[in-house]
Amino acid sequence: MVLILIGVLHRQLGGLMADPRLQTWLTVFVSVMVQAVPFLVFGVVLSAVIAVFVPRSIWARALPRHPALAVPVAGVAGVVLPGCECGSVPIAGSLIRRGVTPAAALAFLLAAPAINPIVLTATAVAFPKNPEMVAARAGASLVVAMLMGWLWLRLGRAEWIRLPSRAHLDGLPRMAAFWAACRHDIVHAGGFLVLGAMAAATINVAVPQTFLHELAKHPVLSVLALAVLAVLLSICSEADAFVAASLSQFSLTARLAFLVVGPMVDLKLISMQTGIFGRRFAARFAPATFGLAVLVAAGLGTVIW
Amino acid sequence: MNRGAQALVVMLLGGAVLRATWTDVYLRYVKQGLRPFLIAAGLLLVTTAVMTLIYELRDMHRPADHPDDDDHGHAHGGPVVGWLLLLPAFGLLMIVPPALGADTAARAGSALTSIEDTAYPPLPPGDPAKLTLLEYGYRAVYDSGRTLRDREIQLTGFIATGPDGQPMLARIILACCAADGVPIKIGLRGDVPRLASDTWVQVQGRWIPHTAKDPVNDSDIPYLEVDIWQKISPPAEQYE
């Protein structure tokens, strides 16, 4: 029965597939997912380890007691997580569950995908003529992450974050709790990742590149244009430097904005943050991060170049 | 979405990823270096699904203390979104979309945008010299073809329609996954292979001092004077 259904579907889809644009859409969608799956799975496993095996008391000892000091420490700690942004969302959720102050967990969430060694190495490879881009990217990303953490301390409200109710892990045996946490986060964060990947593939196919070319001529608009493009394209932070390098008709400042915004705010991240932290959180956090990232990148870019 | 359904979806996704890495299918979407991570992730997904099923079966025999970890109370439609994971799974198992090709080459600007003047080392001895499209492009545009003169060059790529409506040779360059794919385009003169778009060819020819501008992003498109060409089947690694 299922096989017949699959066979019929296959035939139908085969006809649809003839359209080259739809084919490109599918290729991009599947490839964003294939690229993201390892990072999602490792992020989920790490967050399950945090949730089940790492005792709560560790965070109290590792992070400074004062939240305002915990923010920069957590931001810099992002260096140790080699990966892209899909993995850091469930990890940040897990940290908050385990009692880490949300401001510090959010600083970690924003900093980790941008300042880890793999991403910075990729940036250095992509910009052989502008090694200062690496420092600018790391510096600007760290500053934005810390400012967002402190902003959360000032203005954030705990009730904006609504972590999805999940397994009462504490009552379960450890291994059962571990696999329950893995399963829950994969289905949850993964589902939202699919939404984000579909949006990113649509943008990839639909945005005409000639339009971008026109925008590159305006100094202010070009920064905004690349910042928005970073949000829409949702490229993995390990690859975005190469895309930025290829956007060479744009100023270095505009490309820095692309590199700072991309790992912090993009369609698949917004989608995943909505899934993990709730809609009210994402609706406030994403625009604030975007604005701050554009300002910091534009400011730093103006000073350097 | 109950636990059984979640296990099924996760199992399908893990299986799809593993199957794609078992063959060369994954190379249509990502770089070769990701393979070990994909295999590890696929195995973890399958294990998660199996463990979920085991606990599910165990709990079925003890309905009294069924841990209420399913997401019944989700006001914001939480785990329903999990069904979406079926899409990439089916995409990988049934549709298996092809690698990026002529459609991307037509819509996106070519890769030779930066202004560099680097001196390139001479080509290895022996004609024809096999080059990647990107290397040919660099040498032709940024080194004014200095190292290409008086040499027979062999290039491999697919046929795409150029801005002038003529067939050109193209290939897609990936940094990470197909979402960041950028085409590199080489214009053709001489014995131009007039074939359908996305047909793979191996061409042999000589550098000529002619470049055109890609209207999409003002990048340079160098040219090759084709002497001979032959149709080939697409390589396993279609990206440069």
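1. Where does A:Ser234 lie? A:Ser234 sits in the loop between α11 and α12 of chain A. Helices here are DSSP runs (H or I, at least four residues) and strands are E runs of at least two, numbered from the N terminus. The phi of A:Ser234 is near 55 degrees, a positive value in a residue other than glycine. A:Ser234 counts as buried because 28 other C-beta atoms lie within 10 Å. The cut-off for buried is 20 or more other C-beta atoms within 10 Å; exposed is 12 or fewer, and partly exposed is in between, with C-beta atoms placed from the backbone.

2. Basis of the note. This is a predicted model: local features need pLDDT of at least 70, side-chain atom pairs count only at pLDDT 80 or more, and totals for chains, interfaces and linings use all residues. Residues are numbered from 1 along each chain as its sequence is written, while chains are lettered from A and ligands numbered from 1 in the order in which they are written.

3. Backbone points in chain B. B:Ser144 also has a positive phi, near 50 degrees. B:Ser144 is in the loop between α5 (133-141) and β2 (153-161) of chain B. With 14 C-beta neighbours inside 10 Å, B:Ser144 is partly exposed. The peptide bond from B:Asp127 to B:Pro128 is cis, with omega near -5 degrees. B:Pro128 belongs to the loop between α4 (102-107) and β1 (129-130) of chain B.

4. Helix α13 of chain A. Nine of the ten residues of α13 (252-261) are buried, so the rest of the structure largely encloses this helix. Among the buried residues are A:Ala254, A:Ala257 and A:Val261. The buried residues of α13(A) pack against α7 (117-126), α8 (132-155), α11 (219-233), α12 (240-246) and α15 (279-304) of chain A.

5. Helix α5 of chain A. This helix (85-97) has 13 residues and reaches 19 Å from its first C-alpha to its last, close to the 18 Å expected. That expectation is 1.5 Å times one less than the number of residues. Twelve of the 13 residues of α5(A) are buried. Its buried residues pack against α2, α6 (102-115), α9 and α14 (267-277) of chain A. A:Gly99 follows α5(A), with a positive phi near 95 degrees.

6. Nonpolar cores. A core is a set of buried Ala, Val, Leu, Ile, Met, Phe, Trp, Tyr and Cys residues joined through C-beta atoms within 7 Å. The largest has 157 residues; those with the most contacts inside it include A:Leu226, A:Ala257 and B:Cys177. Helix α2 (20-52) of chain A gives the largest share of this core, 19 residues. Another core, of 29 residues, lies apart from it, with B:Leu112 and B:Leu169 among its members.

7. The chain A and chain B interface. Here 60 residues of chain A are in contact (C-beta atoms, placed from the backbone, within 7 Å) with 59 residues of chain B. On the chain A side, α2(A) gives the most, with 19 residues.

8. Chain B layout. An automatic or database assignment sets the domain bounds. Chain B is divided into domain 1 (3-97) and domain 2 (103-231). Their C-alpha centres lie 41 Å apart.

Notes: Two residues are in contact if their C-beta atoms, placed from the backbone, lie within 7 Å.
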